[in-house]
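Open the structure in your viewer and get ready to select residues. This short tour gives you one stop at a time.

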Amino acid sequence: MAKFQCGRFPHGNVPIRTTHGLVVFVDGQAVVDDPEQAAALRQVPAVFEITEDVAGGGNHGPAPATP
């Protein structure tokens, strides 16, 4: 499971088209269970301000420990 935020559209329900289908962001947030769809969201143009919540575990396991 990967969690994403959309800085460009922080309010309402906004569908973002990816190469693996639509992802609907609700109030700027979306949770994606499909690893291919999560990878496609990482490739969305920067103008959409899509960021991934890797601190919450995201699709890449837990965040690295700080020294």
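Two residues are in contact when heavy atoms of theirs lie within 4.5 Å. Keep in mind that this is a predicted model.

**Stop one: Thr 18**

Select residues 13-18. This is strand E2, and Thr 18 is found in it. Is Thr 18 buried or exposed? Buried means under 20% relative accessible area. Thr 18 has 10% relative accessibility, so it counts as buried.

Now show what surrounds Thr 18. Which residues does Thr 18 touch, leaving out those up to four places away in sequence? Pick Val 23, Gln 37, Ala 40, Leu 41 and Val 44.

**Stop two: the salt bridge**

How many salt bridges does the structure hold? There is 1. Select Glu 52 and Arg 42 to see their side chains meet, at 2.8 Å from N to O. The pair links distant parts of the chain, 10 residues apart. Glu 52 sits in strand E5, residues 50-52. Arg 42 is in the loop between helix H1 (35-41) and E5. Why can such side chains pair? Side chains of opposite charge can do so when their charged atoms come close.

Finally, check how open each partner is. Glu 52 has 21% relative accessibility, so it counts as partly exposed. Arg 42 is partly exposed too, with a relative accessible area of 29%.

Notes. Residues are numbered from 1 along each chain as its sequence is written. This is a predicted model: local features need pLDDT of at least 70, side-chain atom pairs count only at pLDDT 80 or more; totals for chains, interfaces and linings use all residues. Side-chain values use heavy atoms; hydrogens and water are left out. Helices (H or I, at least four residues) and strands (E, at least two) are DSSP runs, numbered from the N terminus. Buried means under 20% relative accessible area, exposed over 50%, partly exposed in between (1.4 Å probe, protein chains only). A salt bridge is a side-chain nitrogen of Lys or Arg within 4 Å of a carboxyl oxygen of Asp or Glu.
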